[in-house]
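Here's a chain to look over together.

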Amino acid sequence: MKRTAQIAVIGAWLAVGIAQSYAQSAFVVSQLNINLSGFAGGASAAAPLKITNKDIINALNSSSSAFGFSKNAKLLVEVPAAGGSPAFVVRDAGTDTDVSGFFGTDSTSPIAASNGKTQYEIRTLTFDNGAGETFNVNGYSTDKIGTVNGKDTGKLEGQTTGFTSTQSGTGTVDGTDTVLKGTIGTSGAKGEMH
């Protein structure tokens, strides 16, 4: 009887340990909005171009990973609510695919407004699908700070609810050099557990 009780206690400890290993964390998940335009070409010719979320999804599909995302796929940014580096995700038909390896991001230290609801920084975003589609842009960003809600997370205070950044830089389309300008931002922030 004593041995059965010991086995039951050990089993309970193991169950708690397994449950803890699957513990989830709160994330702020936002739609990434890319809207760049410019010109591609060389010293003697320039052709206008645009780069939007749809173009990024297509560029991911034409990468060596050949994802096969549908036309309904969404490009998202997931940031840990407790702080940390963002992850870039494509959500397609209820499945999330981490595509962070194709993106790079950086920013200066934010300058906070006295009202605590806005901050300013310089943001950099890079993209490279490894098949001739790239960009490297940066610029002035205005970030909105507030509360993000989620069904499973409840209220997450002091989060970036969205930002708009005026960007410029360079890149390549089909391996041809480009100059770019436009905006990059996020919208629709909500809390999710992952």
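Q: What makes strand 10 and strand 11 a pair?
A: In this predicted model, eleven bridges join strand 10 to strand 11, and the two run antiparallel. Pairing needs at least two bridges, so these strands qualify. One of the bridges links G171 with its partner in strand 11, T178.

Q: What sits between strand 10 and strand 11 in their hairpin?
A: There are two residues between them. In that turn, D174 has a positive phi of about 55°.

Q: How do you know that strand 9 pairs with strand 10?
A: Count the bridges again: 14 of them join strand 9 to strand 10, which covers residues 154-173. The cut-off is at least two, so this is a pair too. The two strands run antiparallel, and a hairpin joins them through three residues. If you want a spot to look at, G150 has G154 in strand 10 as its bridge partner.

Q: Where do these strands fall in the whole chain, and how many helices and strands are there?
A: The protein chain has two helices and eleven strands. Reading from the N terminus, the order is α-β-β-α-β-β-β-β-β-β-β-β-β.

Q: Why is the contact between R91 and E192 called a salt bridge?
A: Their side chains meet at 2.9 Å, N to O. The limit is 4 Å between a side-chain nitrogen of Lys or Arg and a carboxyl oxygen of Asp or Glu, so the pair passes. R91 belongs to strand 4 (residues 87-92) and E192 to strand 11 (residues 176-193), so the bridge ties together parts that are 101 residues apart in sequence.

Q: Are R91 and E192 buried or exposed, or in between?
A: E192 has 13% relative accessibility. Buried means under 20%, so E192 is buried. R91 comes out at 22%, which lies between the 20% and 50% cut-offs, so R91 is partly exposed.

Q: What makes K190 a salt-bridge partner of E192?
A: The closest N and O atoms of the two are 3.7 Å apart. K190 has 39% relative accessibility and counts as partly exposed.

Q: Why is the pair F67 and F69 called stacked?
A: The ring centres are 4.8 Å apart, with 15° between the planes. F67 is partly exposed at 26% relative accessibility, while F69 is buried at 11%.

Q: What makes F67 and F102 edge-to-face?
A: Here the centres are 5.8 Å apart and the planes stand at 70°. Edge-to-face means over 60 degrees, so that's the label. F67 lies in the loop between helix 2 and strand 3, and F102 in the loop between strand 5 (95-98) and strand 6 (103-107), so the pair ties together parts that are 35 residues apart in sequence. F102 has a relative accessible area of 15%, so F102 is buried. The count of aromatic pairs comes to six, and F88, F103, F127 and F135 form one aromatic cluster.

Q: Which residues have the most contacts inside the largest nonpolar core?
A: They are I34, I56, F103, F135 and I184, in a core of 26 residues. Among the elements giving two or more residues to this core are strand 1 (26-41), helix 2 (53-61) and strand 11. F135 touches residues including I34, I56, L125 and I184. In soluble globular proteins, nonpolar side chains tend to be buried together.

Q: How many of the residues are buried?
A: Buried residues make up 34% of the 194 in the protein chain.

Notes:
Residues numbered from 1 in each chain as written. Predicted model: local features only at pLDDT ≥ 70, side-chain atom pairs only at ≥ 80, totals over all residues. Heavy atoms only, no water. Helix = DSSP H or I, 4+ residues; strand = E, 2+ residues; numbered from the N terminus. Buried < 20%, exposed > 50% of the residue type's maximum accessible area, 1.4 Å probe, protein only. Core = buried A, V, L, I, M, F, W, Y, C linked by side-chain atoms within 4.5 Å. Contact = heavy atoms within 4.5 Å. Phe/Tyr/Trp six-rings, centres within 6.5 Å; stacked < 30°, edge-to-face > 60°. Lists of a residue's contacts leave out its neighbours within four places in sequence.
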